[in-house]
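Look at the chain below before reading on.

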Amino acid sequence: MEHWKKIKEELVYDGWRKVIRRYFLLPNGKEEAFDIIGSNNYVIIAAFTENHDAILVQQYRPGAEEVLVSFPEGGIEEAESLAEAARRELLEETGYSAGEVQLLKS
């Protein structure tokens, strides 16, 4: 598979989320622009009870304009480790406190 070549990128919106427009030269010679949704660093917590039941939350999501079920998640505060953020968000959103934390980073 041939690689795409990034030509440039620009910040087109800087709000709660950021929108970055990236321009690529495709293998077929055509230039295309793609909008990428950016955000601050955050954690998603896949938490389970001692009985192996998933701990999920119901939250209103503006994009879908409805309440969805998902794993707890939230932003990482300044000077906070990933594990600290995961523990804090789990407690804030569900009332559960975390024991062992295993980190999976992308």
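The sections below take these topics one at a time.

## Basis of the report

The model is predicted, so local features need pLDDT of at least 70 and side-chain atom pairs count only at pLDDT 80 or more, while totals for chains, interfaces and linings use all residues. Residues are numbered from 1 along each chain as its sequence is written, and side-chain values use heavy atoms, with hydrogens and water left out.

## The sheet

Helices (H or I, at least four residues) and strands (E, at least two) are DSSP runs, numbered from the N terminus. Two strands pair if DSSP finds at least two bridges between them. Here, 3 strands form an open sheet in the order 1-2-3, with antiparallel pairing. Strand 1 (5–14) and strand 3 (31–38) are at the edges; each has a single partner strand, so one side of each is left without a neighbour in the sheet. Neighbouring strands of this sheet are turned by 20° against each other on average, direction ignored. For such angles, axes are lines fitted to C-alpha atoms, for helices over the stretch in contact, and angles run from 0 to 180 degrees between N-to-C directions.

Strand 1 pairs with strand 2 (residues 18–25) over 8 bridges, in the antiparallel sense. As one example, K8 has Y23 in strand 2 as its bridge partner.

## Aromatic rings

Rings of Phe, Tyr and Trp (its six-membered ring) pair if their centres lie within 6.5 Å; planes under 30 degrees apart count as stacked, over 60 as edge-to-face and the rest as tilted. The whole structure holds 3 aromatic pairs. One of them joins W4 and F24 edge-to-face, at 5.6 Å centre to centre and 65° between the planes. W4 lies in the segment before strand 1 and F24 in strand 2, so this pair ties together parts that are 20 residues apart in sequence.

How accessible are the two residues? Buried means under 20% relative accessible area, exposed over 50%, and partly exposed in between (1.4 Å probe, protein chains only). W4 is partly exposed at 43%, whereas F24 is buried at 16%. Together with F34, W4 and F24 form one aromatic cluster.

## Salt bridges

A salt bridge is a side-chain nitrogen of Lys or Arg within 4 Å of a carboxyl oxygen of Asp or Glu. By this rule there are 10 salt bridges. One of them links K18 and D14, with 2.6 Å from N to O. K18 is partly exposed, with a relative accessible area of 30%, and D14 is exposed, at 51%. Another joins K30 to E32, the closest N and O atoms being 3.3 Å apart. Both partners are partly exposed: K30 has 48% relative accessibility and E32 has 26%.

The side chains of E89 and R88 also meet in a salt bridge, at 2.8 Å from N to O. These two residues are both buried. They belong to a network of salt bridges that links E77, E80, R88, E89 and E92.

## The nonpolar core

A nonpolar core is a set of buried Ala, Val, Leu, Ile, Met, Phe, Trp, Tyr and Cys residues joined through side-chain atoms within 4.5 Å. The largest one has 7 residues: V43, I45, A47, I55, A85, A86 and L90. Helix 1 (residues 82–94) gives the largest share of this core, 3 residues.

Contact means heavy atoms within 4.5 Å. Leaving aside neighbours within four places in sequence, V43 is in contact with P72, E73, G74, I76, L82, A85, A86 and E89.
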